[in-house]
Amino acid sequence: MRAVLLYATLALAVGVVRAQTAEITASVTDDQGRPVEDAVVVAVPIDGRARVPPRAREGIVDQVDQEFVPKVTAVLVGTPVRFPNHDNVRHQVYSFSPAKRFELPLYAGSPAEPVVFDKPGVVVLGCNIHDWMIGYVYVSESPYFAKTGKDGKALLADLPPRAYTLRVWHPQQDAGEDTTRKTVDAARGGPAAVAWTLKLKREAKVRRAPIGEGRTRY
Ligand SMILES: [Cu+2]
């Protein structure tokens, strides 16, 4: 009997917790209706109240086969990000973006110190040795964000039930991020959905050097 009561109490507690959170599913497609991967969706509570975690978890931007992996990384402002190099050539990672100017000295393996992304905005990553290497760190001022997968969908889960302003960013986006704002009322908790159609610019690609060239030079 006691066990039954315990289960009933637990079930009730879980129910209450569930009702106290909201989740928003975002879908992003291009103007041809194709799903858009690597779009960052950010939700900002309209009342300005966000539960910011006391310590941001470290982010990782890897270098594999002379590319940044992942190509787009979204982090909360204040997050330290490591740039481990898994190639057998050295890289020299830098950014000139106003949100974070930095340059890691030419290195192999893992640099000792992470880079702390302390200002919101988009940080474009490059490598001084391999011109085709391009990556992005999206630094969010809100702790509620997610990146779309291959299906063009992103799930913002465990949100406090509130009304949110949502926006989306993608590296090839034709219009400014600010023009994508939408309001979603998730104040009652439970699931909600939002969708965008983005016009994308063609990806500017720098030709890769023939295989082995980077290796012989460095
Ligand atoms: Cu490189």
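Why does V40 count as buried? V40 has 26 C-beta neighbours inside 10 Å, so it counts as buried; the cut-off is 20 or more. The views below come from a predicted model.

**View 1. The whole chain, with 2 helices and 17 strands.** The chain has 218 residues, and 30% of them count as buried. Among contacts with a separation of 6 or more, 68% join residues 24 or more positions apart.

**View 2. V40 in strand β2.** Strand β2 covers residues 40–45. V40 is buried, with 26 C-beta neighbours inside 10 Å. Setting aside neighbours within four places in sequence, V40 is in contact with V72, A74, Y138, F145, K147, V168 and W169.

**View 3. V40 and G149, 10.0 Å apart from C-alpha to C-alpha.** Along the sequence, 109 residues separate V40 from G149.

**View 4. V41, also a residue of strand β2.** Is V41 buried or exposed? V41 counts as buried because 28 C-beta neighbours lie inside 10 Å. Neighbours within four places in sequence aside, the contacts of V41 include A26, F145, A146 and T148. A154, L156, L166 and V168 are also in contact with V41.

**View 5. V41 and S140, with C-alpha atoms 9.6 Å apart.** The two residues are 99 residues apart along the chain.

Notes:
Residues are numbered from 1 along each chain as its sequence is written. This is a predicted model: local features need pLDDT of at least 70, side-chain atom pairs count only at pLDDT 80 or more; totals for chains, interfaces and linings use all residues. Helices (H or I, at least four residues) and strands (E, at least two) are DSSP runs, numbered from the N terminus. A residue is buried if 20 or more other C-beta atoms lie within 10 Å of its own, exposed if 12 or fewer, and partly exposed in between; C-beta atoms are placed from the backbone. Two residues are in contact if their C-beta atoms, placed from the backbone, lie within 7 Å.
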